[in-house]
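Subject: Structure for your files

Hello,

The structure is below, with the sequence. My notes on what was found in it follow.

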Amino acid sequence: MSIELMFNAVNINFVAFSKFVTPTALVGQIFAIFVITIAAAEATVGLAIVLLTYRNFKGINVDNINIMKW
Amino acid sequence: MVVSMKNIFHSALFLVLCFFSVAGIYVLLSAEFLAAVQVLIYVGAITILMIFAIMLTARLYSAQIKQSNEQVIPGLIIVGALLVITIFTLSKTAWKLSSESSQTQTVASIGKLLMTTYVLPFEIVSVVLLSALIGAIIIARRD
């Protein structure tokens, strides 16, 4: 969720720069569209990992995932 | 409010509020297509995905969950320093503001640009989406 906030902040920056520096070439908005798409793909994979972790560790407390520690 | 609630479902709802606010900012920056895309994709798809994952995995409220660790004070100091540096840099830069007026038909322009100048990232992003779809299905498969 925090990373979605960061993606949104970056997108606002892109669009704002696109409006004030190059208003006719909408480069910032197109890049923001790509960032939204990649964020969606990454959220999907991340949440799939969370589901698998829940299935294997019976809970999603990150401190319990330590079976590779020695 | 997203990162400080104890109930994780409330965090997700505040995230939805954030997404709607960002869409409003896009409308103010004369990017209407991006505002519509933001609401559709972020609120419509990603929030639903997160709420599915929350409902399927977490115990929603637990009194033992700490939402902050013991390093709040050094974090605040570093963030404050970063804020001062950023404001100083922003106020001293000579931005090259363009005096042209912005486009009125953003949807048509974005469509044209996506199909002519930016067609390669467009195709690559579609491949990335396909791979993310296949990867998520394989990761979360029950066998």
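The largest nonpolar core has 26 residues. A nonpolar core here is a set of buried Ala, Val, Leu, Ile, Met, Phe, Trp, Tyr and Cys residues joined through C-beta atoms within 7 Å. Buried means that 20 or more other C-beta atoms lie within 10 Å of the residue's own, exposed means 12 or fewer, and partly exposed is in between, with C-beta atoms placed from the backbone. The residues with the most contacts inside this core are A:Val15, B:Tyr26, B:Ala31 and B:Leu34. Helices α1 and α2 of chain A and α1 and α2 of chain B each supply at least two of its residues, and α2(A) gives the most, with seven. (Helices are DSSP runs of H or I, at least four residues, and strands are runs of E, at least two, numbered from the N terminus.)

This is a predicted model, in which local features need pLDDT of at least 70 and side-chain atom pairs count only at pLDDT 80 or more, while totals for chains, interfaces and linings use all residues. Residues are numbered from 1 along each chain as its sequence is written, and chains are lettered from A and ligands numbered from 1 in the order in which they are written.

Contact means C-beta atoms, placed from the backbone, within 7 Å.

Between the chains, 36 residues of chain A touch 47 residues of chain B. On the chain A side, α1 (2-20) and α2 (27-57) each supply at least two residues, and the largest share, 20 residues, comes from α2(A). That side has 27 nonpolar, seven polar and two charged residues. Ala, Val, Leu, Ile, Met, Phe, Trp, Tyr, Cys and Pro count as nonpolar, Asp, Glu, Lys and Arg as charged, and the others, Gly among them, as polar.

Chain B has five helices and zero strands. Of its 143 residues, 12% are buried. Its α1 (residues 8-28) and α2 (residues 32-57) pack at about 175°, with axes 8 Å apart. The residues of that contact are 19 nonpolar, two polar and one charged.

Back in chain A, is A:Asn64 buried or exposed? A:Asn64 is exposed, because 11 other C-beta atoms lie within 10 Å. A:Asn64 lies in the segment after α2 of chain A.

Regards

Notes
Contact = placed C-beta atoms within 7 Å. Axes fitted to C-alpha atoms, helices over the stretch in contact; angles between N-to-C directions.
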